[in-house]
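Here are some notes for your reading of this structure. Keep the sequence and the 3D view open while you go through the points.

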Amino acid sequence: ELIDLKMIQCKRVVNEVLSTVDFVAPDDRVVFRTCEREQNRVVFQMGGMGAALLSDPDKIEKILSTLVKGIRRPVTCKIRILPSLEDTLSLVKRIERTGIAAIAVHGRKREERPQHPVSCEVIKAIADTLSIPVIANGGSHDHIQRYSDIEDFRQATAASSVMVARAAMWNPSIFLKEGLRPLEEVMQKYIRYAVQYDNHYTNTKYCLCQMLREQLESPQGRLLHAAQSSREICEAFGLGAFYEETTQELDAQRAKLSARTSEETGEPAEDTSGVIKMAVKFDRRAYPAQITPKMCLLEWCRREKLAQPVYETVQRPLDRLFSSIVTVAEQKYQSTLWDKSKKLAEQAAAIVCLRSQGLPEGRLGEESPSLHKRKREAPDQDPGGPRAQELAQPGELCKKPFVALGSGEESPLEGW
């Protein structure tokens with residue numbers, strides 16, 4: 001779940017390394033990433049936050065009418081039910097008149113939570129009233145435990161189809177006719193996708209926590225809760241070797257692409273022989289207020305009686321991004337990812353050095369107390385302000401009108 005205002009601010013970027021299309025915010029945070037396999041399966045929900053639009057039917061009508069007239073994709077609407085059946089039916093009739101293709105109904109009132117029973121009777125009344133398809137939603141908690149339950153819920157609501165949210169988040173193999181796959185297998189498969197597509201670790205961690213649910217207090221659950229990076233998540237699930245292999249492959253692809261870009265733009269290629277490289281970026285939010293990787297590296301060099309780190313930074317003319325190489329004890333270290341400022345590039349280089357040596361880099365939960373008294377570095381090394389993507393909180397779902405961007409015929413679990 002993300003804020004639509006962030007999408008408006010984003011720049012569309014073709015990511016040749018991952019074969020994805022990224023929507024990147026001004027602070028360089030990837031707000032949304034998609035790939036070719038998802039092309040006919042992506043749905044965007046738009047409108048007021050939560051169920052806010054339910055109290056403004058005029059605005060609902062205006063939004064939907066504008067969308068129906070203005071785009072060629074099917075437009076649908078998702079609502080919650082109102083306090084009375086009469087008001088609910090009046091609203092859905094008005095919505096139907098806008099010309100939408102279908103309506104999804106979450107069978108709970110705006111203030112009700114998953115523990116409240118879903119009202120199959122109200123969804124059925126809506127399905128009996130309207131001539132457009134009705135999509136039933138809200139059955140995960142009480143009705144949908146396995147694949148066959150999806151059809152049972154559809155029949156109980158007389159709906160045309162069913163929208164499954166929480167049950168699919170808990171275990172996406174709910175859509176397999178042959179039955180649920182073991183949770184461990186599902187989680188490992190999800191983690192592999194997350195690493196291969198460079199998903200932000202906080203999002204990966206959130207989704208895994210939703211899958212574990214009551215097992216969060218297990219030894220594996222505690223390891224997941226403590227994880228502060230994709231690497232640590234992989235290690236918690238026995239996928240450490242997979243993480244290293246995959247990140248090395250991605251690093252090699254990035255280096256190859258960077259070299260090709262240099263050739264195409266006429267930029268002289270640097271002699272990087274002997275340079276230890278990793279694809280890392282400095283994220284200010286992952287560190288305490290007064291701690292940075294550069295500070296940790298300098299402190300370590302002093303303790304080891306080494307010369308202080310030396311940073312060499314270059315700017316790429318094509319996009320004016322920066323890359324830095326840090327030299328420590330005659331060894332050079334560099335991030336393969338380019339940054340928007342010199343100071344960010346230096347921090348990334350310091351992270352490569354620290355990780356190569358197996359040293360703490362000052363991240364939350366591992367910082368050295370002795371560094372707290374040191375002066376904080378210039379604030380302009382902070383890569384951005386508010387989070388570009390806000391993760392959905394437990395118990396909260398997006399309940400807004402949306403545009404359905406087509407539908408594919410292939411199984412969504414192709415390759416499972």
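1. Start with Thr-157, which is buried, since its relative accessible area is 0% and the cut-off for buried is under 20%. Please keep in mind from here on that the model is predicted. Thr-157 belongs to helix 5. Its side chain comes to 3.0 Å from the backbone oxygen of Phe-153. Leaving aside neighbours within four places in sequence, Thr-157 is in contact with Cys-120, Ile-123, Lys-124, Ala-127 and Ala-136.

2. Next, look at the largest nonpolar core, which has 39 residues. Ile-79, Ile-95 and Ile-103 have the most contacts inside this core. Several helices and strands give two or more residues to it, including helix 2 (57-70), strand 5 (75-81), helix 3 (85-96), strand 6 (102-109) and helix 5 (147-157). The largest share comes from helix 4, with six residues. Take Ile-95 as an example: apart from neighbours within four places in sequence, Ile-95 is in contact with Ile-60, Leu-64, Cys-77, Ile-79, Ile-100 and Ile-103. Another core, of 21 residues, lies apart from this one; Val-328, Leu-344, Ala-348 and Ala-350 are among its members.

3. Which residues does Glu-96 touch, not counting those up to four places away in sequence? They are Leu-130, Ser-131 and Ile-132. A polar atom of the Glu-96 side chain lies 3.3 Å from the backbone nitrogen of Ile-132. Glu-96 itself is found in helix 3. Along the chain Glu-96 and Thr-76 are 20 residues apart, while their C-alpha atoms are separated by 9.6 Å.

4. Is Arg-254 buried or exposed? Arg-254 counts as buried because its relative accessibility is 13%, and the limit is 20%. This residue sits in helix 11 (residues 240-265). Beyond its neighbours within four places in sequence, Arg-254 is in contact with Val-17, Asp-198, Ala-279, Thr-336 and Leu-337. Arg-254 and Met-278 are 24 residues apart in sequence, with 10.0 Å between their C-alpha atoms.

5. Now trace the open sheet of four strands, whose order is 9-12-11-10 and whose pairing is mixed. Strand 9 (275-278) and strand 10 (310-315) each have a single partner strand, so one side of each has no neighbour in the sheet. On average, neighbouring strands of this sheet are turned by 25° against each other, direction ignored. Strand 10 pairs with strand 11 (residues 322-328) in the antiparallel sense, over six bridges. Within strand 11, Ile-325 stands opposite Glu-312.

6. Helix 12 (residues 293-303) lies across strand 10 and strand 11, and runs at about 15° to strand 11. Helix 13 (residues 342-356) packs on the sheet and touches strand 9, strand 10, strand 11 and strand 12 (331-335). The direction of helix 13 makes about 40° with that of strand 11.

7. Finally, check the confidence values. The protein chain averages a pLDDT of 85, and 84% of the residues score at least 70. Over residues 372-415 the pLDDT is below 50, and this stretch has 138 contacts in the model beyond near neighbours in sequence. Residues 266-270 also stay under 50; the model has six contacts for them beyond four places in sequence. Where pLDDT is low, predicted coordinates should not be read in detail.

Note on methods: Residues numbered from 1 in each chain as written. Predicted model: local features only at pLDDT ≥ 70, side-chain atom pairs only at ≥ 80, totals over all residues. Heavy atoms only, no water. pLDDT = per-residue confidence, 0-100. Contact = heavy atoms within 4.5 Å. Core = buried A, V, L, I, M, F, W, Y, C linked by side-chain atoms within 4.5 Å. Buried < 20%, exposed > 50% of the residue type's maximum accessible area, 1.4 Å probe, protein only. Polar contact = N/O pair within 3.5 Å; in protein donor to acceptor, adjacent residues only side chain to side chain. Pairing = 2+ DSSP bridges. Axes fitted to C-alpha atoms, helices over the stretch in contact; angles between N-to-C directions.
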